[in-house]
Each structure stands twice: as C-alpha cells, then as structure tokens.
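The sequence and structure come next.

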Amino acid sequence: MKPVVDRPYWDERVETLGRDELLNVQTERVRWQLERCYVSSALYRFKLESVGAEPGDLASMRDFTGIPVVTKEELRADQEANPPFGSFAVAERPTWREVHPSSGTTGNAVNTIWSEHDVEAITDFTARTLWQLGVRPADVVQNAFAYGLWVAGMSVHYGAARIGALVLPIGTAAATERQVDYLRHAKSTVLVATPSYALHIAEYLQEREIDPAALVVRLGCFGGEPGAENPSTRTKIEVGLGLEARDYYGLAEIGPTFASECVAKAGLHFAEDHVLVECLDDQTRDPVPEGELGVLVFTHLTREATPMLRYWSNDYARLTRDTCTCGRTHVRAVGGILGRGDDLVIFRGAKFYPGQVEKVVRAFPELSNEFLIKVRREGGGALVGSCVVVVEAPPAAGVEERLRRALRDELGVTPDIRLEPHGTLERTAFKAKRLVEV
Ligand SMILES: [Zn+2]
C-alpha cells in the first residue's frame with residue numbers, strides 16, 4: 001500500500017470557515033449574482049419582478065427565499081424560445097469557453113456555458129472535492145467518467161491535473177477489458193466512474209478470476225448517479241474491486257463535481273462558497289428543518305456565464321450544518337442523495353425509490369449486481385398500477401421467497417419478482433436506468 005500522508009485539506013481556510021463568516025461570504029455573493037442576473041437576464045428579471053423584488057432589496061438570506069425557484073422545464077422552454085442559449089446567459093460572449101448540454105435523460109438537453117473564469121473556478125473546486133475524496137499528487141487517476149459533452153469527464157480531468165496527479169483519460173469508450181488492463185498495468189491508484197460501471201468492472205474481475213488484491217487501486221470516486229452511499233452497493237464495490245469507495249455528486253446545470261464525501265464517509269460536503277444549498281419541502285417549497293427530507297435547491301455564488309438562481313434539482317436529501325469530524329464546516333447531505341423526484345414510485349399506497357430496491361437486491365450475495373424495476377404508470381405521475389422487480393439469480397437458488405420478504409420489509413409493499421439467468425440484463429459504462437416503464 002502506498003503511503004498517503006500530507007495535509008487533509010485542499011484549501012484549509014475556506015473549507016473550515018466559521019458558519020457566520022461563510023454566511024457573510026454567501027450573502028455578499030448572492031447580492032452580486034442577483035444584481036447581474038437582474039440587469040442581464042430576461043428570464044431572471046421576469047422572475048424577480050413577479051414577486052416585486054429588486055436586487056437592492058436583499059437585506060438577509062431570509063429575503064432571498066421569497067424569490068421563485070427555477071426548474072429544468074423552465075430552462076428548457078426558455079432555450080427553445082430563445083435558441084440556442086436562452087435568456088439566462090449573463091456573461092459577455094467573448095468570455096465563453098465551453099458548452100455542456102445536460103445529458104437530456106428527461107427531455108431536450110439544457111445548454112450550460114462555462115466562461116474562462118468559470119472553468120478556473122470549476123477546476124479549483126473540483127480539485128478540492130477530489131482532494132476531499134482522498135486524491136493526492138502521487139496518484140494515477142483512471143478517469144472513466146464520459147468525456148465530451150458530459151460535464152464531469154472534463155471537470156475531473158481538470159481537477160486531478162490541478163492537484164498534480166497523473167490522469168488516464170480513458171472515459172467510457174474503451175471496453176471493460178481495456179479498463180482492467182489499465183488498472184493492472186498502468187497501476188492506477190484511483191478509479192473515477194459511475195457506481196454501476198464500478199460493479200460491472202468488479203463482475204468482470206470475478207468472472208475471469210482476477211484477484212482484486214492484485215490491483216494497486218486504493219480509492220474509488222463514484223458519481224453520476226447515487227449508489228456509493230447505498231450500504232449494499234458500497235460493500236459490493238469495495239469487496240469486488242479491493243478499494244475504498246466514496247460518493248461524488250454533481251449536476252450539469254450547477255457545477256459538475258461540487259460535492260463529495262470525505263474520509264469520515266459522513267455524507268456529501270458541498271463547496272458552499274461557490275454554491276448556496278437549500279433544502280425545501282416538495283409541496284410548499286418552504287425550507288425544511290435541518291435533518292429533514294427535502295429537495296435540494298442550488299444558487300450559483302461565483303458562476304458567470306449561465307448562473308442558476310434557486311435551481312430546483314429534484315434531488316432529495318437531508319442536510320446538516322454541524323462541523324464534520326474531518327473539520328470541514330460546509331453543509332453535508334447525510335447519506336448522499338436519497339432519491340430523485342422523477343424516480344419516485346407510488347405502488348398500492350406505498351412510496352419508494354429505486355435506491356431502496358437496490359439496497360435489498362445487493363444485500364443478496366446469490367444475486368448479480370443488476371436489477372430492473374418495471375412499472376406501468378397510471379396517469380402522468382408517480383402512481384403505478386403494476387411493479388415487477390427483475391433480478392438475475394442462478395437456477396435453484398431458492399431466493400425468491402426471501403427476496404419477497406426483504407422487499408416487503410423495506411418498501412412496505414410487495415412487488416412481483418421475476419428471476420432471470422445471469423447476464424440477461426444490460427451492463428453499462430455510464431449511468432444505469434433502473435426504473436423502466438412497460
Ligand atoms: Zn467530513
């Protein structure tokens with residue numbers, strides 16, 4: 001095992017700033033952002049005027065919560081009405097450097113622009129979140145996040161290089177065999193990937209009887225989808241790849257890689273000096289008390305080109321502002337992202353998310369890592385009339401009844417179960433789609 005010793009923080013002063021001081025920094029930056037959005041963005045000026053707000057009105061952060069949230073649907077409609085970049089691109093055109101459309105999994109992509117200053121800020125806070133995860137200058141970082149249009153491939157590349165690590169920009173195009181070749185022969189010490197892909201690599205090793213202990217990879221930074229903080233999934237990845245698995249979070253519209261776990265594995269720490277984090281009730285849109293489940297809402301504090309003011313992420317989490325045992329003061333989402341609004345299932349009166357099915361399925365060693373939840377929707381919402389959990393099981397594993405009981409205990413309802421032979425379900429190098437409509 002290689003020695004990992006040095007400072008615990010990328011930027012100690014910022015990461016351990018007192019909460020009062022942090023609030024002062026945030027208030028000042030929100031004022032700056034409101035002012036420029038009001039002056040230069042038709043979309044935001046309309047939203048601010050709709051509640052009679054002007055930038056100069058902001059006396060405290062409490063006033064700020066009166067501003068309407070902005071949703072992805074609004075951004076999409078705005079870009080369709082004002083192609084190609086909508087009426088929320090605020091920075092001057094000559095400063096623009098990169099365009100990154102969102103992955104468009106739920107509709108037309110929304111174009112996000114990074115200015116020169118934005119690229120620099122993203123590089124710096126991604127270096128911070130990677131450092132927080134445990135990446136150090138002596139590391140060889142195998143970056144299996146997709147390069148190209150997806151934001152996270154580029155930002156991790158920039159951030160890892162800023163740290164001084166050696167980056168292997170493999171992306172997702174290479175076959176799993178080549179990923180494993182590089183893990184073995186380039187002696188990568190850090191793997192950056194989606195948790196679904198990490199499990200696929202682990203399965204590949206197992207099928208070929210390659211001992212994970214023979215790899216020198218020591219740390220996995222897993223993002224693009226929740227999973228690394230799901231206890232069953234974390235254990236499967238850590239055992240299957242012989243590394244320490246940590247969770248990484250980002251959103252195309254906000255900042256690709258602006259929250260990560262620290263060594264304490266105590267939730268996702270956000271870069272709160274760059275992004276203001278709120279947690280709101282999904283019905284009233286009022287702030288929920290600390291520790292309660294709500295939807296994360298983000299505001300850019302430093303972003304120049306396409307800033308977001310109160311962006312409704314649709315991601316559910318519980319926040320704490322208690323100082324972490326690692327010494328960082330920035331807000332944490334305890335247990336990571338607990339569900340996506342689009343993925344909520346309401347079946348026979350019970351509400352659940354695919355992550356809960358994941359937790360159950362991956363606790364069964366007889367089952368493969370893959371699963372699907374097939375639902376038939378009733379109307380346009382989360383309500384479903386039928387729900388089948390498809391898993392891969394060896395013949396005569398005798399697992400069906402135990403799985404049914406475990407799902408009932410976790411979900412409060414019993415979906416139908418379908419067992420398929422190993423290898424039936426699709427494996428992915430990117431984000432897995434676990435919930436499908438039939
Ligand atoms: Zn921490």
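## H9 against H10

This is a predicted model. In it, helix H9 passes H10 in a left-handed crossing. On the H9 side, the contact is made by Pro-195, Ala-198, Leu-199, Ile-201, Ala-202, Leu-205 and Gln-206. Their partners on H10 are Thr-233, Lys-236, Ile-237, Gly-240 and Leu-241. Sorted by class, this contact has 8 nonpolar, 3 polar and 1 charged residues.

As for the geometry, the axes of H9 (residues 195–207) and H10 come within 9 Å and cross at roughly 40 degrees. That angle is why H9 counts as oblique to H10.

## H8 against H9

H9 also meets helix H8 (residues 176–185): here the axes come within 10 Å and cross at roughly 80 degrees. H8 is therefore roughly perpendicular to H9.

Thr-176, Gln-179 and Val-180 are the H8 residues in this contact, and they meet His-200, Ile-201, Tyr-204 and Leu-205 of H9. By class, you will find 4 nonpolar, 3 polar and no charged residues here.

Now to helix H11, which spans residues 354–361. How many of its residues are buried? The count is 6 of 8, so H11 is mostly covered. The buried ones are Pro-354, Gly-355, Val-357, Glu-358, Val-360 and Val-361.

What covers these buried residues includes two helices, H10 (231–241) and H12 (400–411). Strands take part too, among them E15 (339–340), E18 (371–377), E19 (383–392) and E21 (435–437).

Conventions: Residues numbered from 1 in each chain as written. Predicted model: local features only at pLDDT ≥ 70, side-chain atom pairs only at ≥ 80, totals over all residues. Buried ≥ 20, exposed ≤ 12 C-beta atoms within 10 Å, placed from the backbone. Helix = DSSP H or I, 4+ residues; strand = E, 2+ residues; numbered from the N terminus. Contact = placed C-beta atoms within 7 Å. Axes fitted to C-alpha atoms, helices over the stretch in contact; angles between N-to-C directions. Parallel < 35°, antiparallel > 145°, perpendicular 65-115°, else oblique. Left-handed = near helix turned anticlockwise from the far one by under 90°. Nonpolar A, V, L, I, M, F, W, Y, C, P; charged D, E, K, R; others polar.
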